[in-house]
Amino acid sequence: GSKHQGRPLTMSTEGDEAAPAPAPAPVVAAEGPMDLMTALQEVLKNALSCDGLARGIHECCKALDKRKAHLCVLASNCDEQQYVKLIGALCAEHKIELIRVDDNKKLGEWVGLCKIDKEGNPRKVVGCSCVVVKDYGKDSPGKEILLSHFKSG
């Protein structure tokens, strides 16, 4: 006995041509050039997916010291001045690009230090004052924007 009770086994494609399930909306606006922060966000996401990020002072210092860093991101609202000086000095010494963002909570969210709830909103975001990109992962428009930003310095 067949379980299909005489129904043809062709796959129905009606309705499949409609939009596929929406992927999480990329942060990139399709119209116009990306701004630096959007580009940075994309680069951090790509680096995170290939395990190319160092997060927090300890990991970042190690990466900067070993010259494994492409760029360093520092939160301006870090209230520990020694921390800021140390990262700044390491970046200067090893000629590693330093980008400042205004909020360590936002930075924490960008580098995956949060839980995402079922609505896709970040919860329990852990502040992160310093991130180092050790590996860009794939090439992306964001990476190009960052690199040209550094060149124009």
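Contact here means heavy atoms within 4.5 Å. Helices (H or I, at least four residues) and strands (E, at least two) are DSSP runs, numbered from the N terminus. Axes are lines fitted to C-alpha atoms, for helices over the stretch in contact, and angles run from 0 to 180 degrees between N-to-C directions.

The model is predicted, with local features needing pLDDT of at least 70 and side-chain atom pairs pLDDT 80 or more, while totals for chains, interfaces and linings use all residues. Residues are numbered from 1 along each chain as its sequence is written, and side-chain values use heavy atoms, without hydrogens and water.

Start with the open sheet: its four strands have the order E1-E6-E2-E3, with mixed pairing (two strands pair if DSSP finds at least two bridges between them). At the edges are E1 (53-55) and E3, each pairing on one side only.

Next, select E2 and E6, which run antiparallel and are joined by four bridges. Leu-71 stands opposite Val-133 in E6.

Now select helix H3, which lies across E2, E3 and E6 and runs at about 160° to E2. Colour its buried residues (under 20% relative accessible area, 1.4 Å probe, protein chains only): Tyr-83, Val-84, Ile-87, Leu-90 and Cys-91. Down the axis of H3 they fall within an arc of 135° (directions from the helix axis to the C-beta atoms), so they line one face. On the face turned away are the exposed (over 50%) residues Gln-82, Lys-85, Ala-92 and Glu-93.

Finish just after H3, at Lys-95, where phi is positive, about 55°.
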